[in-house]
Amino acid sequence: MESAKQAVNYVSETVQGAISGASKETNKEIAKDSNASVGTRLGAAKDAVGDAINENGHNAKADAHKELAKN
């Protein structure tokens, strides 16, 4: 039962990591857009950093759940 729970947690964290990664890439493109205002670009850059942190955290948690599911 515990390994099934860890497998579900692994999938959940993997999906959340992918969502954060997609958001990060979108924000990076907005930050690079010279047609956007400076405020918009700065906000997108800040959000991209936050998304990168979230992505790394979710991926680390996913790896941990994957290892726990093996046992």
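A search of the whole structure, a predicted model, finds six salt bridges. Side chains of opposite charge can pair when their charged atoms come close. One of these bridges joins Lys24 to Glu55. The closest N and O atoms of the two residues are 2.9 Å apart. Lys24 belongs to helix α1, which covers residues 2-32, while Glu55 belongs to helix α2, which covers residues 38-70. The pair therefore ties together parts that are 31 residues apart in sequence. Lys24 and Glu55 are both buried.

Another bridge stays within a single helix. Lys32 and Glu29 pair through their side chains, with an N to O distance of 3.9 Å. Both residues sit in helix α1. They are three residues apart, about one turn of the helix. Lys32 has a relative accessible area of 56%. This value is over 50%, so Lys32 counts as exposed. Glu29 has a relative accessibility of 49% and counts as partly exposed.

A further salt bridge brings together the side chains of Lys46 and Asp47. Here the N to O distance is 3.3 Å. Lys46 is placed in helix α2. With a relative accessible area of 59%, Lys46 is exposed. Asp47 is partly exposed, at 34%. Lys46 was also compared in position with Ala31. The two residues are 15 residues apart in sequence. In space, their C-alpha atoms are 9.0 Å apart.

The packing of the helices was examined next. Two packed helices are described by the angle between their axes and the distance between the axes. For α1 and α2, the angle is about 160 degrees and the axes are 7 Å apart. Because angles over 145 degrees count as roughly antiparallel, α1 is roughly antiparallel to α2. The crossing of α1 past α2 is left-handed. The contact between α1 and α2 contains 11 nonpolar, 15 polar and 10 charged residues.

Asp51 lies in helix α2. Its relative accessibility is 13%. That is under 20%, so Asp51 counts as buried. Leaving aside residues up to four places away in sequence, Asp51 touches Ser20, Ser23, Lys24 and Asn27. Among these is Lys24, the residue that forms a salt bridge with Glu55. Asp51 and Val38 are 13 residues apart in sequence, and their C-alpha atoms are 20 Å apart in space.

His58 is the other residue considered. Its place is also in helix α2. His58 is buried, with a relative accessible area of 16%. With residues up to four places away in sequence not counted, His58 touches Glu13, Gln16, Gly17 and Ser20.

Methods. Residues are numbered from 1 along each chain as its sequence is written. This is a predicted model: local features need pLDDT of at least 70, side-chain atom pairs count only at pLDDT 80 or more; totals for chains, interfaces and linings use all residues. Side-chain values use heavy atoms; hydrogens and water are left out. A salt bridge is a side-chain nitrogen of Lys or Arg within 4 Å of a carboxyl oxygen of Asp or Glu. Helices (H or I, at least four residues) and strands (E, at least two) are DSSP runs, numbered from the N terminus. Buried means under 20% relative accessible area, exposed over 50%, partly exposed in between (1.4 Å probe, protein chains only). Axes are lines fitted to C-alpha atoms, for helices over the stretch in contact, and angles run from 0 to 180 degrees between N-to-C directions. Angles under 35 degrees count as roughly parallel, over 145 as roughly antiparallel, 65 to 115 as roughly perpendicular and the rest as oblique. A crossing is left-handed if the near helix is turned anticlockwise from the far one by less than a right angle, and right-handed if clockwise. Ala, Val, Leu, Ile, Met, Phe, Trp, Tyr, Cys and Pro count as nonpolar, Asp, Glu, Lys and Arg as charged, and the others, Gly among them, as polar. Contact means heavy atoms within 4.5 Å.
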